[in-house]
Amino acid sequence: MVIGIICASLVQIFMTVDSFRTDDKITSLPGQPQVSFQQFSGYISVDEKQNRALFYYFVEAESQPGSKPLVLWLNGGPGCSSVASAFLEHGPLK
């Protein structure tokens, strides 16, 4: 059930790039070369009472981003991060 709520929240947020807050847009990263795609990073609240949120990093497709499917990459566990895997295995940077 929790995974369903998370996925529904992510799909709602990622339906269009226009739905991102301008505060979440990344304009540059240290050591990152010039890129032709937009990227966003921030937190999605999953439990406001407990003050719990999930971190996300979103990269749009390099070509025709409006026609590409959304890929949700989840892995990791206690002490692990899925961010490194997203960059190295599936992301635009190496």
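Which residue in β2 does Ile26 stand opposite? Ile26 stands opposite Gln39, and this places us in an open sheet of three strands, ordered β1-β2-β3 with antiparallel pairing. Because β1 (25-26) and β3 (52-59) stand at the edges with a single partner strand each, one side of each has no neighbour in the sheet. The model is a predicted one, in which local features need pLDDT of at least 70 and side-chain atom pairs count only at pLDDT 80 or more, while totals for chains, interfaces and linings use all residues. Residues are numbered from 1 along each chain as its sequence is written, and side-chain values use heavy atoms, with hydrogens and water left out.

Strands here are DSSP runs (E, at least two residues), numbered from the N terminus, and two of them pair if DSSP finds at least two bridges between them. Two bridges join β1 to β2 (residues 39-47), whereas eight join β2 to β3. β2 and β3 form a hairpin with four residues between them, where Asn51 in the turn has a positive phi of about 55°.

Turning to the side chains, the whole structure holds two aromatic pairs (ring centres within 6.5 Å; planes under 30 degrees apart are stacked, over 60 edge-to-face, the rest tilted). The rings of Phe40 and Phe58 have centres 6.4 Å apart and planes at 40°, so this pair is tilted. Phe40 is buried at 3% relative accessible area, and Phe58 is buried at 12% (buried is under 20%, exposed over 50%, partly exposed in between, with a 1.4 Å probe and protein chains only). The rings of Tyr43 and Phe55, with centres 5.7 Å apart and planes at 65°, are therefore edge-to-face; Tyr43 is exposed at 61% and Phe55 partly exposed at 44%.

How values were computed. Phe/Tyr/Trp six-rings, centres within 6.5 Å; stacked < 30°, edge-to-face > 60°.
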